Amino acid sequence: MVLTRNKPLLAALLLGFVIMSYLATGTQSIGVCYGRLGNNLPSPSQVINLYKSNGIKSMRIYDPYRETLQALRGSDLQLILDVPNKDLQSLASDAAAATIWVQNNVVNYVSDVNFRYIAVGNEVLPTVDSTSRYAQYVLPAMKNVQSAITTANLKGQIKVSTATYSAVLGTSYPPSNGSFDNHVSSFINPIISFLAENDSPLLANIYPYFSYTGNRKNIQLPYALFTAPGVVVQDGNFQYRNLFDASLDALYAALEKAGGANLRVVVSETGWPSEGDPAATMDNARTYNRNIINHVKGGSTPRRPGQAIETYLFAMFDENQKSGLETEKHFGLFTPSQLSKYHISFS
């Protein structure tokens, strides 16, 4: 009888439980990034079919390639769409150009393509020579794209952000001491304010592989691969058994210090190469990718208990035309012939 009299209260409690269960269990499926820097890759329609046949529910693409967007129609894959760095200046300088970009690449497809985020720029920092020329355009481009999204009545549906990476931090150890590099504060702080105002997450590319290979003396391989037998880093009340959580929580600590305590971080890239370095082996790549999938399916970081870790693996294919270190060509989960390099389950 008590339950009968308190049906509204019971319904509210049940609804709250369902919502909290969703947030805590990370019901978002693992996404995979789809790069096209190869001369031997399958067609976009074949790629979409490969995603679907493997139960991959989310995709990130690095430019609005028309054939890919067409192939995505009706697929129901959730999508991160990048504004390439080379386009930042034009979209920052001209609101009309941003409106046209959104019209051509989002509005024209939104009826049957499931856009989730627009990443305005990738790994742009004023302190890095290869991207510093773009830094002044990131926030103005974000604002113009956001305005175009709002005008198209898509504000609540599609979030505008940018993708950063570990170099944005000046301090990352221990994770609670995480803080942004003093030289990037004038760049990142206004972006944090913009994201908070628009209830958008920060996208971040997080690679324990690069942290490990850049500091092999002090970082043990099992800590990077999720295979450490126990706690490796004791940070006050927080205990860390893997480098991924420590890296993500260092970013959360930096956000808290910069006025972004309520921002959520989406891991827009993470992965491990299978060739090109002594640590880049097929076995290590399989171990890392299997373990990151299992970890984020229902896990959370010590600093954000109960908060799902939305994550995108890099990358779908080996890309034989990528520049830089040899490892850059070997992050793929699949070969260009669409064969899995090692068995992992995305479901």
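Select Met59 to begin. Setting aside neighbours within four places in sequence, Met59 is in contact (heavy atoms within 4.5 Å) with Val32, Tyr34, Val47, Ile48, Tyr51, Leu72, Leu77, Gln78, Leu79, Ile80 and Tyr312. You are looking at a predicted model, where local features need pLDDT of at least 70, side-chain atom pairs count only at pLDDT 80 or more, and totals for chains, interfaces and linings use all residues. Residues are numbered from 1 along each chain as its sequence is written, and side-chain values use heavy atoms, with hydrogens and water left out.

Now show strand E2, residues 58–61. Helices (H or I, at least four residues) and strands (E, at least two) are DSSP runs, numbered from the N terminus. Ser58 and Arg60 point one way from E2, Met59 and Ile61 point the other way, and all are buried; buried means under 20% relative accessible area (1.4 Å probe, protein chains only).

Strands pair if DSSP finds at least two bridges between them. Look for Tyr34 opposite Ile61 in E2.

On the other pairing, E2 joins strand E3 (residues 78–83), again parallel over 4 bridges. Here Arg60 stands opposite Ile80 in E3.

Finally, jump to Pro175, in the loop between strand E6 (169–171) and strand E7 (179–180). Is Pro175 buried or exposed? Pro175 is buried, because its relative accessible area is 2%. Beyond its neighbours within four places in sequence, Pro175 is in contact with Val233, Asp235, Tyr240, Ala246, Asp249, Ala250 and Ala253.

Methods: Buried means under 20% relative accessible area, exposed over 50%, partly exposed in between (1.4 Å probe, protein chains only).
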